[in-house]
Amino acid sequence: MDILTAFGSGLATAFHPSNLLYCFVGVFLGTFIGVLPGIGSMAAIAMILPLSFYLEPGTAIIMIAGVYYGAEYGGSIASILMNIPGTPSSSITCIDGYPMARSGRAGVALFVSSIASFGGGIIGMVVMALLSPGLANLALSFGPAEYFSVILLGLIAASAVSNGGALKGIAMVFAGLMLATVGVDLTTGDLRFTMGVPELRDGVNLVIVAMGLFGVGELIASIRANSSGQGRQTIDYSQFYPTRAEWRASLGPILRGGGIGSFFGALPGTGQTVASAVAYAVEKKVSPNRANFGKGAVEGVAVPESANNSATQTAFIPTLTLGVPGSASMAMVIGALMIHGITPGPRLLVEHGDLFWGLVASFLIGNVMLLILNIPLIGLWVRLLQIPYRYMYPTIIVLICIGVYSLNNNVFDIWLTLFFGIAGYLMRLFRFEPAPLLIGFVLGPMMEEQLRRALLLSRGDPMVFIERPISGTLIAVTAGILVYGLWTTFRARRRSRSASISMSE
Amino acid sequence: MKHFGSFRTSLAALTAGTLAVSMSTAVAEPGSWTGEPVRIVVTFPPGGTSDLVARLLAKYLDSEFGQKAVVDNRPGAAGTVAADYVAQQDPDGTTLMIANNAPFTIAPTQFESLPYDPMAGFTHIAFIGSSSPGLFVKPDSGITTVAEFIAAAKETPVTYGSSGVGSISHILGEAVDGELGIETIHVPYQGSAPAIQDFRAGVLDTFYDMVAQNSDMIEDREAVAIAIAAPERFPGVPEVPTFAEQGYDIVIENWVGLTGPAGIDPAMAETIRETTEAVLALPEVVASMADLGINTKPMSGEDYTTFVETQIGVWEPLIIAAGIQGK
């Protein structure tokens, strides 16, 4: 259709000098904020929101969007270098990124992460340009039953993220689900497990759990590692850039991650963390290099970064075309538009087409800017590893405290982060993985909410999950994965048993 | 639509202008009241109506009167975190909050105990405005009046979406059930946007939300607002009849005001109120408030204080009826 013409005029809008300038301001601020642990795009958008009042609505939204996806670029840097996720969604990048850095390949990991972020961003942009109306309809055909089924699928896939035993992985997923029940029950308004603490009424914040388990836990562990003489990490300059084989290995994960990320981004509510977790789990099943996942596989860095960046772009589809914000950051995007008298919704594409296409085109420009900005900085970031721990870690602790405090401007959240930090350290000691817990924690409340809503609407009839076509298909796929998983475990066990029998003979 | 919009805006500006002139007999003059920047605490995360009102105020307090102001979002525990915080600050005019139903009229009945006193703990300074929710049904249902809705609801059970347990739309839903003598199925969501999405997708039969904010949906015939719970017909959506004129006594006002800690000097409070009203009378602010679906109304400090006190009484039976007490 006339998508190309529309995109062309969007490019013209996006190339307007003031739009270029504010796009750069946005992505620069976003990357910078993303690097800082605990301070996510939400805090950054809240900071620049007052500035957006003085801009044209189109320019304002281009700048705010830049902050939003810029943060995803920056988020992976601390994940790779220090095992401390800059944003919750980049905690999946820790799984392979940090082992890469430990083995001196931090440069390669950062390089691949930037390229994958770029690839994912472009895939997300193309999907948004081509499929916006279609994806808006997809989100509309997702009722509570469909949401429940897709989340169940994600959860089953996610229990495969763990690198320890399957049992430990499932235990961590359940721990996450249980943690997610703290707070007000959304269907009845009853308080659950708040132990009389008013701050727990709204549950535990995702950022607190991610920062505590990954960030603070890592810092506590490093105190011990440091006293026993394990010090700074080495940098292997001969392995600074990815090899040809690594380039080739990253291509498939970038494409798959971009596709999966685009889908989850377009569903309001699921978001980047789920996108990167599911993409990682899928990649771990299909990759020829799956044996090395968790030990520093480039694929394990490429896939979550591509997924979370494409999800970041497609998150704008429900926000703008349905007026349904998938996250707090997206709610602020809606707020920024409303203050200019523009109400996001089905009318936006028709009444403010120039704004929509200008934004889509700015994604292209913004992602190129981020790539140019990030690649030369890799050397600088890697050199950060040579800062002695005694300067580095107190700084990080302060940054985490600021980030966590900025969530609700509440000191209680800092104590809670410390609590999760100690929990994360203990989990590390006993070799439990924090990633499946985080995924269970993100998906649990959504799954419960949609399950109960679907049953409320069907007057308690569970057949609704099987009778509706999309939901039924998703349930069938989930069942298929479970059966396949059980069958492979069973076969492996029988083989090892017959092997041991033949050995004893 | 544009024409009506600008007409409405200019009319509102005219009215506000006239009112500003008639109010100018008061002692205080609008202007800066402290050399320090003022923090306007908001009970919700950035992006909602309270937040947008706070940001509009902050912007024009600075640009028009040189009074620096920053917005400080302290969400949590149904607004009580923010209210508790503000109650503990010095009454020097540097900490104010956007007051609304959640911590001031709903929480006192909903919660067993509160760390603050909604009346004695605060100086209620300036009323800003209010919006009212209404009942939306599907256009193809053929329902256009409350009487037809009752008949339909008695025939087959009707589902309604709200923006959460204990939210204003939930409380209205339960009040409607009680007043109309029907039983509907409540389906709570997190905020009105996802509920409206499921309504559009055909999952829900009806939903309750602020009427003026959904004027686009009404115009596009995507939803029919059969009644609004306002005292009288609402500016911006004059075609929507009230519950009262259809014979049902249901009035719910979702108000916002400017409130500070107890003990703010009366003269300073009066300056804050005058300045706030001057900001609210600016044509740009009048237009933005209309977009947000808020009907602004000047009110004296005493009247606003009485208003909050009466509202606690108005909400009490509604909250008990909704069954969210002690939760």
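Modeller: A residue is buried if 20 or more other C-beta atoms, placed from the backbone, lie within 10 Å of its own; with 12 or fewer it is exposed, and in between partly exposed. This is a predicted model, where local features need pLDDT of at least 70 and side-chain atom pairs 80 or more, while totals for chains, interfaces and linings use all residues. Residues count from 1 along each chain as its sequence is written, with chains lettered from A and ligands numbered from 1 in the order written.

Start with helix H4 of chain B, residues 101-110. Helices here are DSSP runs (H or I) of at least four residues and strands are E runs of at least two, numbered from the N terminus. Eight of the 10 residues of H4(B) are buried, so the rest of the structure largely encloses this helix. They are B:Asn101, B:Ala102, B:Pro103, B:Phe104, B:Thr105, B:Ile106, B:Ala107 and B:Gln110. Their cover includes helix H3 (80-87), helix H6 (168-180) and helix H11 (301-322) of chain B. Strand S3 (95-100) and strand S10 (254-261) of chain B also belong to that cover.

Now the sheet. Five strands of chain B form an open sheet with mixed pairing, in the order S7-S6-S8-S5-S9. Strands pair if DSSP finds at least two bridges between them. S7 (185-188) and S9 (224-228) of chain B are the edge strands; each has a single partner strand, so one side of each has no neighbour in the sheet. From one strand to the next, the twist averages 30 degrees. S5 (133-137) of chain B pairs with S9(B) over four bridges, in the antiparallel sense. B:Phe136 has B:Ala225 in S9(B) as its bridge partner. Helix H7 (192-200) of chain B packs on this sheet, where it touches S6 (159-162) and S8 (206-210) of chain B. The directions of H7(B) and S8(B) make about 145 degrees, angles running from 0 to 180 degrees between N-to-C directions of axes fitted to C-alpha atoms, for helices over the stretch in contact.

Step back to the whole chain. Chain B has 11 helices and 11 strands. Its radius of gyration is 20 Å, close to the 20 Å of the globule rule for 327 residues, so chain B is as compact as a globular protein of that length. That radius is taken over C-alpha atoms, and the rule is 2.2 Å times the number of residues to the power 0.38. The C-alpha trace of chain B spans about 65 × 50 × 30 Å along its principal axes. Of the 327 residues, 55% count as buried. Among contacts in chain B with a separation of 6 or more, 78% join residues 24 or more positions apart; a contact puts two C-beta atoms, placed from the backbone, within 7 Å.

Last, the partner. 40 residues of chain A are in contact with 34 residues of chain B. Elements giving two or more residues to this side of chain A are H3, H6 (106-141), H14 and H19 (434-457) of chain A. H14(A) gives the largest share, six residues. H3 (41-52) and H14 (328-338) of chain A also meet each other: their axes come within 9 Å and cross at roughly 10 degrees. These two helices of chain A are therefore roughly parallel, a label for angles under 35 degrees.

Methods
Parallel < 35°, antiparallel > 145°, perpendicular 65-115°, else oblique.
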